[in-house]
Amino acid sequence: MQSGDELLLIRSLAPGERLHVIEGFRAGRMKRLARGVYYPTWNFRGLRLNQRSVLTSGAQGASGRHLVGRSAAAMWAYPHMLLSTTFRPEVRGRTTKYADGRNIPDTHMTTTPFEGIEVTLTTPAVTVIDVARWHGLYEAVRLGDILARKGKLTRADLAEAVAARSNFANIERARTAAMLVNDRSESPRESDVKVSLYLNNIKGFEQQVTITNYRGVSIARLDFLNREHSVGIEYDGRGKTWGQYGLSAEEAANNELSRQRDLECEGIFVVRVTNYTYTNDDWLAQLRRALKVNHGREFPADRCLPYTKGSPTF
């Protein structure tokens, strides 16, 4: 999506160019995304629904509105797409035909470029907190984990943001989101799994734990491990089964089977999560069964290597 290159701001154009854009709008060749901001209609139709929402959010920022909630999240996470569906832009202040207004103070604002256009929006941490308050844990933790891995967010930032919104609605849910966010989730689905574990009161899992054999040789790094019961969780994204990092689909699948056998030989019960088993909750039933079967079979602490790639701020 080459959005900023084609966003046209009327105020930045010469009189003749403005007239050309207005004529294009009247003829259907240009689409108005915000007050004074236009985009080629044909290009807009070629975007996916979530891309349209991100672009429209950027247009609101380009028009001078202050972005909050999902729109601020879209800017901070870009080019990552947090949502797979369309959403209404969210801005500070009044609601218009183009965006939903939110009544929040004009504080904790900053600026960031969106495809070359400077927009004003809530800070990364406050955006996470507001998304949690308005849209729930899953969206907020997805966003927070992405920003933490990008180095745009620290634990201290989140604590400050929670304090800034302490008298606002749904702040307890925001506190939970701040607690769950870290820099260890390597995909949005791993963030979702982490939230699901919390909501289902399944405790004891640590993210990104490297397992070694008795000689100290690394076997695999698990997405999640419960050491007390030797149960691991692995999210099988397309890369693990369809190939990534230059591997063919067959090589990737064989590598995963080899890792699975090695982990099982060490006594670790691995529950594999796919998009299908996640959406119908089959993985939770499998996980509870694994915890019951392996109950009390503690994995040696000296054969678990701590996560070291992350920032010390988490």
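Contact in these legends means heavy atoms within 4.5 Å. The model is predicted, so local features need pLDDT of at least 70 and side-chain atom pairs count only at pLDDT 80 or more, while totals for chains, interfaces and linings use all residues. Residues are numbered from 1 along each chain as its sequence is written, and side-chain values use heavy atoms, with hydrogens and water left out.

**Figure 1. Overview of the protein chain.** The chain has 13 helices and 12 strands; helices (H or I, at least four residues) and strands (E, at least two) are DSSP runs, numbered from the N terminus. Its C-alpha trace spans about 75 × 50 × 35 Å along the principal axes. Of the 314 residues, 50% count as buried, where buried means under 20% relative accessible area, exposed over 50%, and partly exposed in between (1.4 Å probe, protein chains only). Among contacts with a separation of 6 or more, 63% are between residues 24 or more positions apart.

**Figure 2. Surroundings of Leu153.** Leu153 lies in the loop between H6 and helix H7 (155-164). Leu153 is buried, with a relative accessible area of 1%. Leaving aside neighbours within four places in sequence, Leu153 is in contact with Pro124, Ala125, Val128, Gly144, Leu147, Ala148, Leu158, Val181, Thr313 and Phe314. Asp183 is 30 residues from Leu153 along the chain, and the C-alpha atoms of the two are separated by 9.2 Å.

**Figure 3. Packing of helices H6 and H8.** Helix H6 (residues 137-150) and helix H8 (residues 171-180) pack at an angle of about 35°, and their axes are 9 Å apart. Axes are lines fitted to C-alpha atoms, for helices over the stretch in contact, and angles run from 0 to 180 degrees between N-to-C directions. On the H6 side the contact is made by Leu137, Ala140, Val141 and Asp145, which meet Arg173, Thr176, Ala177 and Leu180 in H8. These residues divide into 5 nonpolar, 1 polar and 2 charged. Ala, Val, Leu, Ile, Met, Phe, Trp, Tyr, Cys and Pro count as nonpolar, Asp, Glu, Lys and Arg as charged, and the others, Gly among them, as polar.

**Figure 4. Helix H4 and its neighbours.** Because 8 of the 9 residues of H4 are buried, this helix is largely enclosed by the rest of the structure. The buried residues are Gly69, Ser71, Ala72, Ala73, Ala74, Met75, Trp76 and Ala77. They pack against H3, strand S4 (90-92), strand S6 (109-114), strand S7 (117-122), helix H5 (124-135) and H6. In strand S6, Thr111 is partly exposed, with a relative accessible area of 42%. Beyond four places in sequence, Thr111 is in contact with Trp76, Glu118, Val119, Thr120 and Leu121.

**Figure 5. The largest cavity.** The structure holds 1 cavity of 30 Å³ or more, and the space in the largest cavity is about 110 Å³. On a 1 Å grid over the protein atoms alone, a cavity is a set of points where a 1.4 Å probe fits but cannot get out, and a pocket is an open set with protein on both sides within 12 Å along at least five of seven lines; lining residues have an atom within 4 Å of a point. Grid points are joined across faces, edges and corners, and a volume is the space filled by probe spheres set on the points. The cavity lining consists of Asn50, Val54, Arg70, Ala73, Ala74, His80, Met81, Leu82, Leu83, Phe87, Val131 and Glu139. Helix H3 (49-62) and helix H4 (69-77) are the elements that give two or more residues to this lining. The largest share, 3 residues, comes from H4. By class, the lining has 8 nonpolar, 2 polar and 2 charged residues.

**Figure 6. The second largest pocket.** This pocket has a volume of about 270 Å³. It is lined by 15 residues, of which Leu180, Lys194, Phe205, Glu206 and Gln207 are the closest to its centre. Helix H9 (188-199) and strand S8 (205-212) give two or more residues each to the lining.

Figure 7. Most residues other than glycine have a negative phi, and most peptide bonds are trans. The peptide bond from Tyr78 to Pro79 is cis, with omega near 10°, and Pro79 lies in the loop between H4 and S4. Phi of His108 is near 55°, a positive value; His108 is in the loop between strand S5 (100-102) and S6. Asn201, in the loop between H9 and S8, also has a phi near 55°, and is exposed, with a relative accessible area of 55%.
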